[in-house]
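Subject: Structure for your review

Dear colleague,

Here is the structure I said I would pass on. My notes on it follow below.

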Amino acid sequence: MKKLLLPAVFAGLFLAACRKDDKPAEPAPLEKEAAYLRLIVSDVDQARISVVDPLKSTSAPFNVKAAQPSLYATSTGQFAAIISRAANTVEFFNTGIEKHGGHLHVHEAGMSPVTFSEAGPTHFYAHAGLNAGA
């Protein structure tokens, strides 16, 4: 009896081990690179910038002081500094995407009501939460 019991137990374990579902694991679904993405694009011919949302395939124009401004992201990434040497101005655009701890708050995008004027602004520097333009 013992001689038959031991091979029967091993055969049962072998069959149980072979009954596993050997299907390969399905790959995780591909996620979008960023859930919140807005691109700010300056216009060469007209005094405007455009906010492009590639995930929604939309674009919205905003008027600025002069055509072909230089765009710079602030250190937080929430604002774009719009430097126009032709109009001697520095404007700011709020992208509406605000970093808040480990998550984001999404607001309406729009131009800041504040405009700075200076003869020939050309430089912008952003570092460690501070921004400077000259």
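Helices (H or I, at least four residues) and strands (E, at least two) are DSSP runs, numbered from the N terminus. This is a predicted model, in which local features need pLDDT of at least 70 and side-chain atom pairs count only at pLDDT 80 or more, while totals for chains, interfaces and linings use all residues. Residues are numbered from 1 along each chain as its sequence is written, and side-chain values use heavy atoms, with hydrogens and water left out.

Overall make-up

Of its 134 residues, 21% are buried; buried means under 20% relative accessible area, exposed over 50%, and partly exposed in between (1.4 Å probe, protein chains only). The accessible surface is about 10,100 Å², with 59% of that belonging to carbon and sulfur atoms; areas come from the Shrake-Rupley method with a 1.4 Å probe, and for residues only the protein chains shown count as cover. Taking contacts (heavy atoms within 4.5 Å) between residues at least 6 apart in sequence, 38% join residues at least 24 apart.

Phe 93 and Gln 78

Phe 93 lies in strand β6 (residues 89-94) and counts as buried because its relative accessibility is 0%. Not counting residues up to four places away in sequence, Phe 93 touches a set of residues including Ile 40, Ile 49, Val 51, Phe 62, Gln 78 and Met 111.

Gln 78 sits in the loop between β4 (70-73) and β5 (79-84). Its relative accessibility is 13%, so Gln 78 also counts as buried. The side chain of Gln 78 makes a polar contact with the side chain of Asn 94 at 3.2 Å. A polar contact is a pair of N or O atoms within 3.5 Å; within protein, one must be able to donate a hydrogen and the other to accept it, and residues adjacent in sequence count only if both atoms are side-chain atoms.

Salt bridge

There is one salt bridge by the rule used here, namely a side-chain nitrogen of Lys or Arg within 4 Å of a carboxyl oxygen of Asp or Glu. Asp 43 and Arg 48 form it, with their closest N and O atoms 3.0 Å apart. Asp 43 is buried at 18% relative accessibility, whereas Arg 48 is partly exposed at 28%.

Hairpin and positive phi values

Strands β10 (residues 124-127) and β11 (residues 130-133) pair in the antiparallel sense over four bridges; two strands pair if DSSP finds at least two bridges between them. His 127 stands opposite Leu 130 in β11. The two strands form a hairpin with two residues between them, and Ala 128 in the turn has a positive phi of about 55°.

Most residues other than glycine have a negative phi. Gln 68, in the loop between β3 (58-63) and β4, has a positive phi near 55° and is exposed, with a relative accessible area of 54%. Asn 88 has a positive phi of about 55°; Asn 88 is in the loop between β5 and β6 and is partly exposed at 31% relative accessibility.

Regards
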